[in-house]
Amino acid sequence: MTTMLNIIERRFAAVKDELQAKVPRGPDLHGHAAVLLALTDEPDPQVILTLRSQQLSSHSGEVSLPGGRWDETDPSLEFTALRETHEEIGLPADQVRVLGPLWTRNTRWQVAVTPWLGVVSPDAALTPNPGELDAIFRVPLSYFFDDPRIRTDRITIDQRRIYLPAYEYEGFEIWGFTAGVLTEFLVRVLDAPIGRRDDVPVRALS
């Protein structure tokens, strides 16, 4: 039986080499970061998301993908994504089957973030780092295909105007950079019908 994960792997294989060639490399990757878009290995994969602690100095209380900034001891951005994921949610690197990199995106704060697509067991034991996270939760990937957005956010990055959907799932608001990574993956790999909509409010972000 063909599952959504089978389709993802087959379609991602068609762009993997091109994306791999564009991954930032070098001895100095200051200003770079990496996150993990982890999908559970089940018929309707779920994406693992986190809620950042209200006590953090930046992005406090926001939903995010596990990950963080490159460290001088990291040999690659893939290593960064896996190290930060382990630190944040307790998922060891050897329990992630990394498929490859996705499209590097710049944040509003001029950080270049490379997401990595990975597959994990649905039974993986996840524990939030109390110093960084308030919660870990999962969202079925199929949830996003109906584009149940609550609004559209308008953001200007590198003098370009970008429109990103914002969602609410079981009380968690998924917006901004995280929503951008998810929707780009869904649209470019799975041809999800997520586009411009005029029936929801638009919020301008500075």
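1. Start with the bend: α1 has a kink of about 45 degrees, centred on V15. Keep in mind as you look that this is a predicted model.

2. How many residues does helix α1 have? It has 18, running over residues 4-21. From its first C-alpha to its last, α1 reaches 26 Å, close to the 26 Å expected at 1.5 Å a residue. So have a look at both things together on screen: the kink centred on V15 and the end-to-end reach of 26 Å.

3. Which residues of α1 are buried? They are L5, I8, F12 and L19. An α-helix has 3.6 residues a turn, so residues three or four places apart point the same way. As for partners, the buried residues of α1 pack against the strands β1 (32-40), β5 (97-101) and β7 (112-120), and also against helix α3 (176-190).

4. Buried or exposed? I155 counts as buried because its relative accessibility is 4%, below the 20% cut-off. Setting aside neighbours within four places in sequence, I155 touches R108, R160, R161, I162, L164 and L205. R196 is 41 residues away from I155 in sequence, and their C-alphas are 14 Å apart.

5. Finally, find Q54 in the loop between β2 (46-52) and β3 (63-64). Q54 counts as exposed because its relative accessibility is 52%, and the cut-off is over 50%. Between Q54 and R160 the separation is 106 residues in sequence and 30 Å in space, C-alpha to C-alpha. R160 is also one of the contacts of I155.

Conventions: Residues are numbered from 1 along each chain as its sequence is written. This is a predicted model: local features need pLDDT of at least 70, side-chain atom pairs count only at pLDDT 80 or more; totals for chains, interfaces and linings use all residues. Side-chain values use heavy atoms; hydrogens and water are left out. Helices (H or I, at least four residues) and strands (E, at least two) are DSSP runs, numbered from the N terminus. Buried means under 20% relative accessible area, exposed over 50%, partly exposed in between (1.4 Å probe, protein chains only). The expected span of a helix is 1.5 Å times one less than its number of residues. The bend at a residue is the angle between axes fitted to the seven residues ending there and the seven starting there. Contact means heavy atoms within 4.5 Å.
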